Amino acid sequence: MKKRRWKKTLEWYSFIAVSLLTVLILVYYPMLTTIRYSMFDVSVMGYGEHFTGLKNYQLLIGQSSFIKALGNTFIIAALGLCTIPAGFLLAVLINGIGKGKLQGFFRVGFYLPNIITGVSVVMILQVVFKANDGLFNNFLSFLLHQDISIGWLSDAAYAKAGATLIYLWSNLGYSMLINLASLQGIPEEIYDAASIDGAGALARCLYITIPNMRSCFVFLFTTGMISGLARFTDLFILGGNNASGVPAGSLQTIMMYIYQYSFEKLEYGISSAGAMVLFGVTFIFTMISTALTGFFKDEK
């Protein structure tokens, strides 16, 4: 019986053996290699490696470009979280329409930008946010009755705002869909009981809707921060396929900094140390988000 049980267990594991092997080779082995390289002076992978301890981390802390990239990463990731309240408001409006074809039309319509590739989105919105004769500036000029020529993507003072608008346009549909699913999961009986007790629309929103959507907000916060901290493609294209974060380094994130030292300057030890810093920051935010869900609380 014991031999048969072992045979059955091996059969089960044989189904996931390929997947496990793939994860080990393509995920965990590179992770361990990155940890190792972060403590070595590496110019050519596999050759001439010299152990330096924590020197690469000290070099990172001493570089103003890395500190700036770290600050840019936090700011850009935090601005990207605007998709959560915007998606919630949009979900409330769509949910108010009622379940039907019209709601389905708006759900699909707002989600469509999410399935467009990042390169296409950036190329389209670069035209929209042009400083001269850009569609967005023309719209603002029409509203304010004065000439507006802001370089949303070419001026360092406004580049983060422009990049956030691009992110918002691309990811608002996803946030709306998750918020809408959570919103429709709240039992209608609770709202009916609150209405009978005399609770208004604002009171129902504050004391029923928002508390019941806490797990949804935490999920969107966690995934939004991870996505924001790892943001690369659109910012790289906005800088003209340059990892320096054009204009004036205002859009250089840690990911772009890692790319710069990996493929442009070929200093793999420093880029690996930067990758470990990014991992540490992402891990901390993930743990904070998990704690907010009450995962670490002891059940009594």
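Reader: Is Gln-103 buried or exposed, and in which helix does Gln-103 have its place?

Author: Burial is read from relative accessible area, where buried means under 20%, exposed over 50% and partly exposed in between, with a 1.4 Å probe and protein chains only. Gln-103 counts as buried because its relative accessibility is 2%, and its place is in helix α5, residues 101-111. Helices here are DSSP runs (H or I, at least four residues; strands are E, at least two), numbered from the N terminus. This is a predicted model, in which local features need pLDDT of at least 70 and side-chain atom pairs count only at pLDDT 80 or more, while totals for chains, interfaces and linings use all residues. Residues are numbered from 1 along each chain as its sequence is written, and side-chain values use heavy atoms, with hydrogens and water left out.

Reader: Which residues does Gln-103 touch, not counting residues up to four places away in sequence?

Author: Contact means heavy atoms within 4.5 Å. With residues up to four places away in sequence not counted, Gln-103 touches Ile-94, Asn-95, Ile-97 and Gly-98, together with Leu-180 and Gln-184. Gln-184 lies in the loop between α8 and α9 (188-196) and touches Asn-95, Lys-99 and Gln-103, under the rule that residues up to four places away in sequence are not counted. At 27% relative accessibility, Gln-184 counts as partly exposed.

Reader: At what angle do helix α1 and helix α14 pack?

Author: Two packed helices are described by the angle between their axes and the distance between the axes. The axes are lines fitted to C-alpha atoms, for helices over the stretch in contact, and the angles run from 0 to 180 degrees between N-to-C directions. Helix α1 (residues 2-37) and helix α14 (residues 268-292) pack at about 115 degrees, with their axes 8 Å apart. From the side of α1, Thr-34, Ile-35 and Tyr-37 meet Gly-269, Ser-272, Ala-275 and Met-276 in α14. The residues of this contact divide into four nonpolar, three polar and no charged, where Ala, Val, Leu, Ile, Met, Phe, Trp, Tyr, Cys and Pro count as nonpolar, Asp, Glu, Lys and Arg as charged, and the others, Gly among them, as polar.

Reader: Where does α1 bend, and by how many degrees?

Author: The bend at a residue is the angle between axes fitted to the seven residues ending there and the seven starting there. In α1 the bend is about 50 degrees, at Ile-16.

Reader: Which peptide bond is cis, and what is its omega?

Author: The bond from Val-246 to Pro-247 is cis, with omega near 5 degrees, and Pro-247 lies in the loop between α12 (233-238) and α13 (254-264). Ala-248 lies in the loop between α12 and α13 too, and has a positive phi of about 55 degrees although it is not a glycine. Ala-248 is exposed, with a relative accessible area of 60%.

Reader: Where is His-145 found, and what is its phi?

Author: His-145 is found in the loop between α7 and α8, and has a positive phi of about 60 degrees although it is not a glycine. With a relative accessible area of 71%, His-145 is exposed.
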